[in-house]
Amino acid sequence: MLIAASLVGFLFFLIGAVLQLLLIAIIANAIMSWLFAFDVINYRNRFIYQLATVLDRITSPVLAPLRRFIPPLGGIDLTPIVALIIIQGLQIYLLPALHMTSLRLIGS
């Protein structure tokens, strides 16, 4: 039982870490989009282009479904804010509840 509880705890730790990394990627992607919009940085720099591409590939599976339901408001994309709120809600409320429920199910 102790090994199963440890594995469940580790699994939820990994899920929380992935959600935290996704949160950081969404924030970095939003900041980079602002820097591109105000022409502080541009795509001609190879490193910046690759970084923007990686961040876009990481965040687009989360942001694309939200963009179908949330239109831009005056040219401002609100989907990163909504995604951050949803991820925070998952981390604060849903993950601990699922963790405790799964521990009860395995008998720890």
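**Figure 1. Surroundings of Ile-26 in the predicted model.** Ile-26 touches Thr-59, Val-62, Pro-80, Ala-83, Leu-84 and Ile-87, leaving aside residues up to four places away in sequence; contact means heavy atoms within 4.5 Å. This is a predicted model, in which local features need pLDDT of at least 70 and side-chain atom pairs count only at pLDDT 80 or more, while totals for chains, interfaces and linings use all residues. Residues are numbered from 1 along each chain as its sequence is written, and side-chain values use heavy atoms, with hydrogens and water left out.

**Figure 2. The nonpolar cores.** The largest nonpolar core has 13 residues, and Ile-26, Ala-83 and Ile-87 have the most contacts inside it. At least two residues of this core come from each of α1 (2-37), α2 (46-69) and α3 (79-106). The helix that gives the most is α1, with seven residues. A second, separate core of six residues includes Ala-25, Phe-36, Ile-48 and Leu-55. A nonpolar core is a set of buried Ala, Val, Leu, Ile, Met, Phe, Trp, Tyr and Cys residues joined through side-chain atoms within 4.5 Å. Buried means under 20% relative accessible area, exposed over 50%, and partly exposed in between (1.4 Å probe, protein chains only). Helices are DSSP runs (H or I, at least four residues), numbered from the N terminus.

**Figure 3. Packing of α1 against α2.** The two helices α1 and α2 pack at an angle of about 125 degrees, with their axes 9 Å apart. They are therefore oblique to each other. Angles under 35 degrees count as roughly parallel, over 145 as roughly antiparallel, 65 to 115 as roughly perpendicular and the rest as oblique. Axes are lines fitted to C-alpha atoms, for helices over the stretch in contact, and angles run from 0 to 180 degrees between N-to-C directions. On the α1 side the contact is made by Leu-22, Ala-25, Ile-26, Ala-28, Asn-29, Met-32 and Phe-36. On the α2 side, the residues in contact include Ile-48, Leu-55, Thr-59 and Val-62. The residues of this contact divide into 13 nonpolar, two polar and one charged. Ala, Val, Leu, Ile, Met, Phe, Trp, Tyr, Cys and Pro count as nonpolar, Asp, Glu, Lys and Arg as charged, and the others, Gly among them, as polar.

**Figure 4. Packing of α1 against α3.** Between α1 and α3 the angle is about 180 degrees, and their axes are 10 Å apart. These two helices are therefore roughly antiparallel to each other. Their contact comprises 19 nonpolar, seven polar and no charged residues.

**Figure 5. Ile-106 and the residues it touches.** Ile-106 lies in helix α3 and is partly exposed, at 27% relative accessibility. Ile-106 touches Met-1, Ala-4, Ala-5 and Val-8, again without residues up to four places away in sequence. Ile-106 and Ala-5 are 101 residues apart in sequence, and their C-alpha atoms are 7.4 Å apart in space.

**Figure 6. Asp-39 and Asn-42 in the loop.** Asp-39 is placed in the loop between α1 and α2, and Asn-42 is also in the loop between α1 and α2. Phi of Asp-39 is near 55 degrees, a positive value in a residue other than glycine. Most residues other than glycine have a negative phi. Asp-39 is exposed, with a relative accessible area of 60%, whereas Asn-42 is partly exposed at 25% relative accessibility. Asn-42 touches Phe-36 and Ile-48, not counting residues up to four places away in sequence. Asn-42 and Gly-9 are 33 residues apart in sequence and 43 Å apart in space, C-alpha to C-alpha.
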